[in-house]
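These are my notebook entries on one structure. I set down what I looked up, entry by entry, with the criteria applied.

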Amino acid sequence: MEIMRPQKKTSTDDVAVVSTIPLYRTPPVLEVRLEDFELFAIDRLRVLKGISDELYRGKKPDEIEEPVKNLLKTHMGHPQASETINKDIISHFVIRLVYCRSEELRKWFLSMETTLFRYRYKLASFDDQKAILAEFDLPYKAVSNAELESMKEKLTQVARSLGQPLTSADTVFYKVPFEEVPELVAGRRVYIHKGHAYVAMNQVVSLVVTQFRSNLSKDLILANRKWTSMISEKEKNRLTPIVESLSTSYLGPDYSEAKKFAEISLKDIDQVANSSFPLCMRHLFEKLREDHHLKYGGRMQLGLFLKGVGLTLDDALVFWKSEFSKKVGAERFDKEYAYSIRHSYGKEGKRVDYTPYSCQKVISSTPGVGDHHGCPYRHFSEDNLRAALSKMGVSSRAMTDVMDKVQNKHYQIACTLTFEAIHGSSCDAGINHPNQYFSESQKILQSKNNSSV
């Protein structure tokens, strides 16, 4: 399996130099097994979502080098070393297809891929960095030795003011129109002469990353057009189901079966709901108790969550019947609702053992009028969300941080902050699944109970 990649000559010599860092300018020309199509994509998603988690915790791109290194080592390797680059390129184009389909998906993918590229570029060899400049064909001229020598004193002064004395690698400078490096100019980190900024090689990263982001942004728009006009319908029985599912794939632990700290019975379900249910499930639970009914979306979201935290099928039938019968009667419940509960436990129909919904699936749902499922951080009004958080015991100080994340559409981080505020304990892994919230809550509460005995 070989990927044909265009080669461009550097501006400094006649030797064709190609960067080892893919720029993803054209799709690979090769055959990909359907199994690899999905598996490679999932591995890349693990990397991108790992980067996303680090950034959402407030870390800057320059502060996540070690986590990114570990993510790439864990997920992007290949049993055959020669195929690692192919896996990299294939997985990028698969996820590009997955995330080109809406503005929100494109924005997230663009941000994560750009961060990954920044990391790789900064760690690349000097020759690789020059090769990338050549491949992008950026209109920047390398300063000649004679010109460099004439202004070496000025360049040295700038470098020393930054605490970065000139080194051999820094003897390569590029002349760039000063308006293209506003962040360097504003920070007084570059020497300007006759309208040009003299940018050291170790500062070129911002220019290169901007070009990478610009190219990828345009390519995502083109990919979306091709997807909607051709690929989606043509591949509706083969690739389309995979592509549509990947954007909401949950990549964490399996909560289809109850784990330790995740066992509840009917007698204590109300107390546990009050102490350990995440807001999305707590809201559904309260609405069920209040209205004695939930529409299908709410029944599935809450029902599978309860299954995952250890409610047995027999107890589930008793629980749902006790509520629904108050509104529709026991006979109608047995005829119209009991089957779907047994089905969700894998006891009817094709006997598929359905898994509890992840945060991504909950967030991506679209509740309609009269529905109560979905993610409160995304779907509630600000007033309703504040009231719900206050009822859970979130302080006004913590609520300010939560609402800030909500306004920036970082819904899972908002849920994580809620968890930390209520439990007085940090959750470094972040909340990625309602059942994870429950499990972590139970661990903390049981630990507190044990220490007080």
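**Entry 1**

I located Tyr24 in the segment before helix 1 (34-56); helices (H or I, at least four residues) and strands (E, at least two) are DSSP runs, numbered from the N terminus. I note that this is a predicted model, in which local features need pLDDT of at least 70, side-chain atom pairs count only at pLDDT 80 or more, and totals for chains, interfaces and linings use all residues. Residues are numbered from 1 along each chain as its sequence is written, and side-chain values use heavy atoms, with hydrogens and water left out.

I looked up the backbone of Tyr24 and found phi near 55 degrees, a positive value in a residue other than glycine. Is Tyr24 buried or exposed? Tyr24 is buried, at a relative accessible area of 6%; buried means under 20% relative accessible area, exposed over 50%, and partly exposed in between (1.4 Å probe, protein chains only).

I then turned to Ile89, a residue of helix 3 (residues 84-99). Ile89 is buried as well, its relative accessible area being 4%. Ile89 and Tyr24 are separated by 65 residues in sequence, while their C-alpha atoms are 6.7 Å apart in space.

I traced an open sheet of four strands in the order 1-2-4-3, with antiparallel pairing; two strands pair if DSSP finds at least two bridges between them. Strand 1 (141-142) and strand 3 (191-193) are at the edges with a single partner strand each, so one side of each has no neighbour in the sheet.

I followed strand 4 (residues 196-200), which runs antiparallel to strand 3 and is joined to strand 3 by three bridges. In these two strands, His193 stands opposite His196, and Ile192 has Ala197 as its bridge partner. Strand 2 (residues 173-177) pairs with strand 4 over five bridges, also in the antiparallel sense, and Phe173 stands opposite Ala200. Strand 4 is mostly covered, with four of its five residues buried.

I checked the loop between strand 3 and strand 4, where Lys194 lies. The hairpin has two residues between the strands, and Lys194 takes a positive phi near 55 degrees there. Lys194 counts as exposed, at 72% relative accessibility.

**Entry 1: nonpolar cores**

Which residues touch the most other members of the largest nonpolar core? I found Ile51, Phe117, Tyr121 and Val208, in a core of 64 residues; a nonpolar core is a set of buried Ala, Val, Leu, Ile, Met, Phe, Trp, Tyr and Cys residues joined through side-chain atoms within 4.5 Å. I listed the neighbours of Tyr121, leaving aside residues up to four places away in sequence: Tyr121 touches Ile21, Gln129, Ile132, Leu133, Met201, Val204, Val205 and Val208, contact meaning heavy atoms within 4.5 Å. A second, separate core has 56 residues, including Phe277, Val328, Ile363 and Cys427.

**Entry 2: helix 12 and helix 14**

I looked up helix 12 (residues 279-291) and helix 14 (residues 313-324), whose axes come within 8 Å and cross at roughly 50 degrees. Axes are lines fitted to C-alpha atoms, for helices over the stretch in contact, and angles run from 0 to 180 degrees between N-to-C directions. Helix 12 is therefore oblique to helix 14: angles under 35 degrees count as roughly parallel, over 145 as roughly antiparallel, 65 to 115 as roughly perpendicular and the rest as oblique. Phe285, Leu288 and Arg289 of helix 12 make the contact with Phe319, Trp320, Glu323 and Phe324 of helix 14.
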